Amino acid sequence: MRWSQLLIPTLKETPAEAEILSHKLLLRAGLVRKLTGGLYTFLPLGLRVLQKIQNIIREEMNRAGAQEVLMPALQPTDIWERSGRYETASDVLFKVKDRGDKQWVLGPTHEEVITTLVAGEINSYRQMPKNFYQIQTKFRDEIRPRFGLMRAKEFIMKDAYSFDVSDDAASESYERMYAAYGRIFRRCGLLAFPVEADTGVIGGKFSHEFVVPAETGEDEMVYCETGAYAANIEKAVSSGPVTPTPKESTGGSPEKFATPGVTTIDALAGEPYGVPASCQIKTLVYSLEGRLILVLLRGDDQLNEAKLAGHLGTTLFRPATADEIVAVLGARPGSLGAVVGVSGNSGVRLILADEVLRGAKGMTTGANEDGCHLRHVEIDRDIAGIEWVDLRTVKEGELCVASGKALKIRRAIEVGHVFKLGTKYSEALDAKFLDENGKSKPCVMGCYGIGVTRTLQAVIEQGNDGFGVIWPITVAPFQICITALDVDPAGEPMRLAEACYKELTDLGYEVILDDRAERPGFKFKDSELIGIPLRLAIGEKSLKDGMVEIKPRGGEMEKISKDAAVKRLVELAGEMRRALEG
């Protein structure tokens, strides 16, 4: 391809809308253009990268035994109602009506559709295992689209779904996909780590995310440097707080004391009360289906709402209002607790306590009376009806449950997610089979997603420098850029450029010939910005000595004989590819 014939609208200045580096480079390198918030058009170079990532995914999915299908993006609501997600996932669903006023869903994912398909096509254990995948546009009603392709309303995803006869067989399918994901991300040039993850609204027994470390990532990964443990912050556990929870009694029965104006953990920890946060029980109140849920945490801990949602099996809870709380508990936030006026209260649905509080003694909590607290609280003695749950967010420096070493936390970008679903969807949508004894059983499922457009931006986030993008050769829009410094068709630089272009193209390489009548520095900056892995510069000055210049993106320039240029480019391209693909 000739640069002059392509739409490559590079920008010197960064548009104001771009907040993070990879988003800035997407725009500056002319890969995408924004239509409106959360919607982007892929330009020629961006589409070439996207297609290469898709091809790698297809190759590895096929290698792992999955079969490609293509399902409707427009889905009927009844299958979502049957799975229960029409309500539990309602906050992300785009709902549209047709001319007959019938409601539909624009698919954010396809568990319901694929399970409905399998329910009609597979009925015997002899037809399994099966794994189906697609690469398709998805739609999610993001409340705040941001960071370019990282969080968009419309995006491209690879989703796959496995169907097996047993948990053991499903685990084998899961491991095949897990291994395939590792190969996919390596081939895309991404340093991606698998971490234990929360299953979220997808549901299921367990899952792993593949994340790319990046300071601009929206996720946080908790890990041990020994390699013994890694998990998303929403799933992570530890050996507990660095400061132990008090387990020694400090007196008799709970004793009420006045705390006028004290409504925060910090205020109670300060003078004149001096109750350390680690000795306080924090009471958070949520509303679910018209009744209250009390969540008890140690005063210096933060609630992990993903863990709460996982325990409740829904995301449809919300913080209770002050009026709702007063009506049931008789006090306002800041003076709340579970000791007084809670046992037998019909307005209280559940009392959930974090495991860190188990056996806690000598604690202080709200008295359910404005301006009053209780001291000498022993949680096992004084609070009835507790359900014990891991609800807290792990903190850096706490000890790893596997190695006993200090945990670290860093930001990351999620690029893939694998789930072992069990029978949640197959039971709801009647995807059953007859086993070898003629007994009807639900299929055991797994699902496996890769954010294709997000992966593209993650590659940029991980591969860049002060000059622009540094594409891995496997996904670069072109592998080689030939830059003619003099574009006179009759001149030696352009004639040699044309000859090298033809030879490399005939060898199967994707080459862009920069034939623009621009200054050399301008052309070099553009090739660096868009990130072509190899550049061959041909100018009259070097040709006087029979030489040309080869520069790997991000590497050192080398002068080489013009007659050896093509061979050297082939060598370098091969080295780059082998480093990624093995």
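In which strand does Asp159 lie?

1. **Asp159.** Asp159 sits in strand β8, residues 154-164; helices (H or I, at least four residues) and strands (E, at least two) are DSSP runs, numbered from the N terminus. Asp159 is buried, at 2% relative accessible area, where buried means under 20%, exposed over 50% and partly exposed in between, with a 1.4 Å probe and protein chains only. Its side chain makes a polar contact of 2.5 Å with that of Tyr161. A polar contact here is a pair of N or O atoms within 3.5 Å; within protein, one must be able to donate a hydrogen and the other to accept it, and residues adjacent in sequence count only if both atoms are side-chain atoms.

2. **What you are looking at.** This is a predicted model, in which local features need pLDDT of at least 70 and side-chain atom pairs count only at pLDDT 80 or more, while totals for chains, interfaces and linings use all residues. Residues are numbered from 1 along each chain as its sequence is written, and side-chain values use heavy atoms, with hydrogens and water left out.

3. **Domains.** The protein is divided into domain 1 (25-71 + 108-224 + 408-460), domain 2 (255-389) and domain 3 (468-581); these bounds come from an automatic or database domain assignment. Between the C-alpha centres of domain 1 and domain 2 the distance is 38 Å.

4. In one of them, Lys52 pairs with Glu510, and the closest N and O atoms are 2.2 Å apart. Lys52 belongs to helix α2 (residues 44-63) and Glu510 to the loop between α13 (492-506) and β28 (511-514), so the pair ties together parts that are 458 residues apart in sequence. Lys52 is buried at 11% relative accessible area, whereas Glu510 is partly exposed at 26%.

5. Glu59 is partly exposed, with 43% relative accessibility, and Arg187 is buried, with 13%. Salt bridges that share partners join Glu59, Glu60, Arg63, Arg183, Arg187, Arg577 and Glu581 into one network.

6. **A buried pair.** Asp514 and Lys523 form a salt bridge at 4.0 Å, N to O. Both residues of this pair, Asp514 and Lys523, are buried.

7. **The second largest pocket.** Its volume is about 340 Å³. On a 1 Å grid over the protein atoms alone, a pocket is an open set of points with protein on both sides within 12 Å along at least five of seven lines, a cavity is a set where a 1.4 Å probe fits but cannot get out, and lining residues have an atom within 4 Å of a point. Of the 22 lining residues, Lys282, Thr283, Leu284, Pro333 and Gly334 are the closest to the centre of this pocket. Two or more lining residues come from each of α7 (265-269), β14 (281-288) and β18 (363-366), and β14 gives the largest share, 6 residues.

8. **The cavity.** There is 1 cavity of 30 Å³ or more, and the largest cavity has a volume of about 30 Å³; a volume is the space filled by probe spheres set on the points, which are joined across faces, edges and corners. The lining consists of Ser527, Glu528, Ile532, Arg535, Lys551 and Arg553.

9. **Backbone points to check by eye.** A cis peptide bond joins Met128 and Pro129, with omega about 10°, and Pro129 lies in the loop between α5 (111-121) and β7 (130-139). The bond from Glu271 to Pro272 is also cis, with omega near 5°; Pro272 is in the loop between α7 and β14. Asp101, a residue other than glycine, has a positive phi near 70° and is exposed at 52% relative accessibility.

Notes:
Salt bridge = Lys/Arg side-chain N within 4 Å of Asp/Glu carboxyl O.
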